[in-house]
Structures are given as C-alpha cells and as structure tokens.
Amino acid sequence: MRKALIVDDAKVVRVSLSRIMKQLGFETLEAADGQQAIDQIAAHPDTCLIMLDWNMPVMNGYDFLLHLRSIPEHVTQPKVVMVTTETGMNSMLKALAAGADEYIMKPFDKDMIAGKLDILGIDYD
Amino acid sequence: MRSTEFNWFRTFLEQQSGIIISEDKLYLVQSRLKPLLRQHQISDLNQLAKHIKYHASSDISQQAIDAMTTNETLFFRDQYPYDALETLVFPELSHAKGISSPIHIWSAAASRGQEAYSIAIAANESIAQAQKRVRILGTDLSPTAIAYAKAAIYSQMEVQRGMPVTRLVRFFSQQGTHWHVAKDIKNMVQFETANLTEDKLVSQVRRFGPFDVVFLRNVLIYFSAEERKKVIDRIARSMRKGGYLITGATETPEGLNSKWEAVLFKGKRLWKLQ
C-alpha cells in the first residue's frame, strides 16, 4: 500500500488529513514536527507522499523540506504537498524553490486533495 | 414543495432554459431554491413557485433559473481536454492554418469562467504569441455567472480546485484571500450571456467565430433528446469544418444536420466536425 506521511503539529489536522488519505487508499504515518518527520522517513524510505505543514516547533516544514531535498541517497524522493495557513504568494514561491511539488492553503477538503494528487500523477482509490 | 408547483416549475425551467428536470429530482430543486427563500423572505417553496409564475420576468425568476442551471466548475477540469489542446489541437491548427493565424475558441457553457481562463492559460503555455492569436468567447445562460466570470476574481478555494500551484503563481495576482486573473490572460477572453436553446445563438456568436474549438462539457445531459440535436446543430453552424468539439467524457454529439468524427486522445473522445 502507498504510504503518506502527514506532518503537522496540530493533532486535529493530522487526524483529519489521515482520515482523508486513508479514504483515498493510503497507509498513513504521522509526525508532529520536522525532526519527527526525518525519523519517520528514515524508518519508512518507501513513503511516496508527504503532506507538510509549515509552522511547527522544533523544526518547521520549510527547514524539513530543505533537509529532505538535500539527502542524496534518496533515489526516489517523495512528492511533497505543503498544507499550510501560509497563504502569501511569496511563501508559495519559496516552497516551490525549496522543492515542494504542490501547495494547499488551509482549509482543505477531500476533493481538493484528490485534485492535487491528479496534478501530481499519484494514483488513489 | 407540492407536486403541482414542482411540475409547474419543471415546465417553466424547460421553457426558459431547455433544461429537463426529471420527476425524481424534487430534492435537487428544493436544495437549489431554498437559499432564495431566506434572501427574499418568502415563506416556502410553493409561495416561491407562485411568485415566479406571476412575475416571470422578475429578478427572483432569473435567480431561480440561475440556481438550477449554474454548476460548479473547476479550473482544468479533467485535465485531458487541455492536454489535447496542447499536444493535438493547437499543433494541428498551426499546421493547417499557419503559425500566425488567429484561433477562435468558444466555451459554450462557461459558468463562472474557469474553463475559458483555463483554455487561455493552456494556449499561453503552448502557442507562440497566444495573446495576439487566440480569442476566446465564454457564454452562459446566467447573467450572474457571466458577471462573476468577467470580474475574473476567484476565492482561495476556487483557485485550489484543479489548478497546479505553478500556474496559480504565474497567471494570477493575489489580493488578500482573492486571486485575480492576470491581465494578459483576462484580455484573451470575452464573456456574454447566451441561451443555447435559442436560434439567435448562431448570429449572436458569429462575430467571434467561426470557431476552431468549442467546449461544451457536461451540458447536453440536461437537455431533451430533441433539444440536444438542435443545440449540436447550432454549435456546428458556428464552427469551422474540421474544428473540434470537446464534450464531457461520456457525451456524444448527435445533430440532425451535422456529422462528427470521434478522434481518440488518451482514450477519451474529441469530436471533429465533418
């Protein structure tokens, strides 16, 4: 089963995103900050998709993204969708430059996420 | 809503818009019309139907038609029509008409404009001098939808449905939670109200055509079989021979006087006017 990692410091968002991703046929992993996300990716290198919040304690989503994209041994990098309250155009450009593949401004719903998976060419149920 | 009022409203809607609401769609009518009750302080749907009956040209009547005929659309809905434009239709047109010839496209059920602007963006990404060469007409039955489309301002939710973020940052500017279509894209598109079920449609859109491509997606299903054929023939009369009609994936154009050849693209059918 395809694995999606959900990274958000708000449990309510993780639960909601996790429910949607499961409905779309993914196995879900969770992390509450960037450091936990690094650990999850190390433990699950077959993760194909990361839904990534921006503002989190310990390590924020942007710094995690820079770290992830700098890991050379990852032959197949996961796709990264930012899911954030950062809604400014400059934030989008910054995330894209750092290697984000898509961007969702909160709030989100299942159709919006499915639409982004279509754009990324990721299959779902 | 009582069956008398429901049946009267179904007939009214068909006369005004050509759209058929089957007898089992009471829930649809109720859910679409209910917001008008609060807005106009009318007590129930039976009263609303009566009001429409005796004030057929009033704002409320138009709003009731709008509520029944305006469907939510997405930017780049289904994606394949836009891939087809970029890899099949535009190259073919440039080959047949020359690389500097004008291209005329009609979004014939434009709703709030997302389809027409998606076409403009796709043209911009794949055609040299698209802003000079490509002219797009968007028409819809609803004046409210057309006013929205002309304003070219979309909410945060709307711009995130179907549109890649790379296109959002390239072709829109942001003002708070609203996103404005870039001027260069906006200038490629004109909008007008038009009724697909009226014969005057052909003369109304003539000055924008003849069209090389017409989008008429997920609309035919709402018309009776007879009306569907008339609509298809009107579309055909507005097009250049060899032009493409892009319908919903499951729709098939059948006219009385027009013939269409199916052209397969990624397993989906586009329709070429014979």
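So, in β8(B), B:T247 is the bridge partner of B:L216. That pair belongs to β7(B) and β8(B), two strands that run parallel and are joined by five bridges. When I say strands pair, I mean DSSP finds at least two bridges between them. Helices are DSSP runs of H or I with at least four residues, strands are runs of E with at least two, and both are numbered from the N terminus.

Quick housekeeping. This is a predicted model, where local features need pLDDT of at least 70 and side-chain atom pairs count only at pLDDT 80 or more, while totals for chains, interfaces and linings use all residues. Residues are numbered from 1 along each chain as its sequence is written, with chains lettered from A and ligands numbered from 1 in the order in which they are written.

Back to the sheet. What is the strand order in this open sheet of seven strands? In chain B the order reads β6-β2-β1-β7-β8-β10-β9, and the pairing is mixed. At the edges stand β6 (189-193) and β9 of chain B, each with a single partner strand, so one side of each is left without a neighbour in the sheet. On average, neighbouring strands here are turned by 25 degrees against each other, direction ignored. For angles, axes are lines fitted to C-alpha atoms, for helices over the stretch in contact, and values run from 0 to 180 degrees between N-to-C directions.

Moving along, β8(B) and β10(B) run antiparallel, with two bridges joining them, and B:L245 stands opposite B:W271 in β10(B). Strand β9 (residues 260-265) of chain B pairs with β10(B) over six bridges, again antiparallel. There, B:V263 has B:L270 as its bridge partner. The hairpin of β9(B) and β10(B) has two residues between the strands, and B:K266 takes a positive phi near 50 degrees.

Now the helices on this sheet. Helix α6 (residues 114-126) of chain B lies across β1 (103-107), β2 (134-140), β6 and β7 of chain B, at about 170 degrees to β2(B). The other one is α13(B), which lies across β7, β8 and β10 of chain B and runs at about 135 degrees to β8(B). Helix α13 (residues 225-237) of chain B has 13 residues and reaches 19 Å from first C-alpha to last, close to the 18 Å expected at 1.5 Å a residue; that expectation is 1.5 Å times one less than the number of residues.

Which residues of α13(B) are buried? They are B:R228, B:K230, B:V231, B:I232, B:R234, B:I235 and B:A236. Buried means 20 or more other C-beta atoms within 10 Å of the residue's own, exposed means 12 or fewer, and partly exposed is in between, with C-beta atoms placed from the backbone. These buried residues pack against α12 (201-205), β7 (211-216), β8 (239-247) and β10 (268-273) of chain B. Contact here means C-beta atoms, placed from the backbone, within 7 Å.

B:S111, in the loop between β1 and α6 of chain B, has a positive phi near 50 degrees without being a glycine. Is B:S111 buried or exposed? It counts as buried, because it has 24 C-beta neighbours inside 10 Å. B:N218 sits in the loop between β7 and α13 of chain B, and its phi is positive too, about 55 degrees, although it is not a glycine. With 16 C-beta neighbours inside 10 Å, B:N218 counts as partly exposed. There's also a cis peptide bond joining B:G209 and B:P210, with omega about -5 degrees, and B:P210 is in the loop between α12 and β7 of chain B.

Over in chain A, the peptide bond from A:K106 to A:P107 is cis, with omega near 5 degrees. A:P107 is in the loop between β5 and α5 of chain A.

Last topic, the chain contact: it takes 14 residues from chain A and 11 residues from chain B. On the chain A side, α4 (89-98), β5 (102-105) and α5 (110-120) of chain A give two or more residues, and α5(A) has the largest share with five residues.

Terms used: Contact = placed C-beta atoms within 7 Å.
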